[in-house]
Amino acid sequence: MDTSLIEGFTRHHRALDRAFEGTRCAVDNGDFAQARADFQGFRDAIERHMRAEETWLFPAYEAQHGQDNPLTSILRKGHRDLRGFFDEIAEALSEGDGDEGTALIGTVGQILHHHDDKEEQEFYPAVAVPLPDARAALKALEP
């Protein structure tokens with residue numbers, strides 16, 4: 001098993017968590033310019049992360065377990081849902097709405113925690129075996 005893939009994607013989850021926390025702190029401090037900047041950095045990074053999963057990891061897993069796989073279906077839906085929430089957070093930050101921003105950030109934080117756990121506990125260990133080019137997937141996480 002290629003543990004570098006599991007470790008690399010898990011490390012990237014932790015970096016995303018720190019970036020998202022920066023957004024939350026900026027909102028809590030009422031610094032919406034900083035919150036918007038932090039959130040854009042987070043959003044760019046998580047988009048790279050989700051695209052890497054969608055481009056390399058999901059297809060490799062589905063090649064082994066079938067295209068209509070419940071695990072990747074759940075994870076793909078999670079990505080779609082998160083992208084919708086990211087649009088809502090961006091709108092709240094753009095409007096300087098701290099209450100809405102705080103509520104959305106709290107909700108998304110919980111969703112991300114559950115999503116990341118599912119990936120780290122179930123998905124990454126299963127996909128690390130059949131993925132022929134883990135390096136390309138890991139490289140896609142970089143800015």
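**Exercise 1. The cavity**

Find how many cavities of 30 Å³ or more the structure holds, and state the volume of the largest cavity.

*Solution.* 
Step 1. This is a predicted model. The structure holds one cavity of 30 Å³ or more.
Step 2. The largest cavity has a volume of about 70 Å³.
Step 3. Its lining is made up of 14 residues. Closest to the cavity's centre are His13, Leu16, Ile46, Leu112 and Asp116.

**Exercise 2. The lining**

Work out which helices supply the lining of the largest cavity, and sort the lining residues by class.

*Solution.* 
Step 1. Start with the helices. At least two lining residues come from each of α1 (3-28), α2 (32-65), α3 and α4.
Step 2. Look for the largest share. Helix α2 gives it, with five residues.
Step 3. Now sort by class. Six lining residues are nonpolar, four are polar and four are charged.

**Exercise 3. A helix pair**

Describe how helix α3 (residues 70-95) and helix α4 (residues 98-127) are placed relative to each other.

*Solution.* 
Step 1. Two packed helices are described by the angle between their axes and the distance between the axes.
Step 2. Apply them. The axes of α3 and α4 come within 10 Å and cross at roughly 160°.
Step 3. Compare with the cut-off. Angles over 145 degrees count as roughly antiparallel. Therefore α3 and α4 are roughly antiparallel to each other.
Step 4. The crossing of α3 and α4 is left-handed.
Step 5. Sort the contact residues. The contact of α3 with α4 has 14 nonpolar, six polar and five charged residues.

Note on methods:
Residues numbered from 1 in each chain as written. Predicted model: local features only at pLDDT ≥ 70, side-chain atom pairs only at ≥ 80, totals over all residues. Heavy atoms only, no water. Axes fitted to C-alpha atoms, helices over the stretch in contact; angles between N-to-C directions. Helix = DSSP H or I, 4+ residues; strand = E, 2+ residues; numbered from the N terminus. Parallel < 35°, antiparallel > 145°, perpendicular 65-115°, else oblique. Left-handed = near helix turned anticlockwise from the far one by under 90°. Nonpolar A, V, L, I, M, F, W, Y, C, P; charged D, E, K, R; others polar. 1 Å grid on protein atoms, 1.4 Å probe; cavity = no way out; pocket = protein on both sides within 12 Å on 5 of 7 lines; lining within 4 Å. Points joined across faces, edges and corners; volume = space filled by probe spheres on them.
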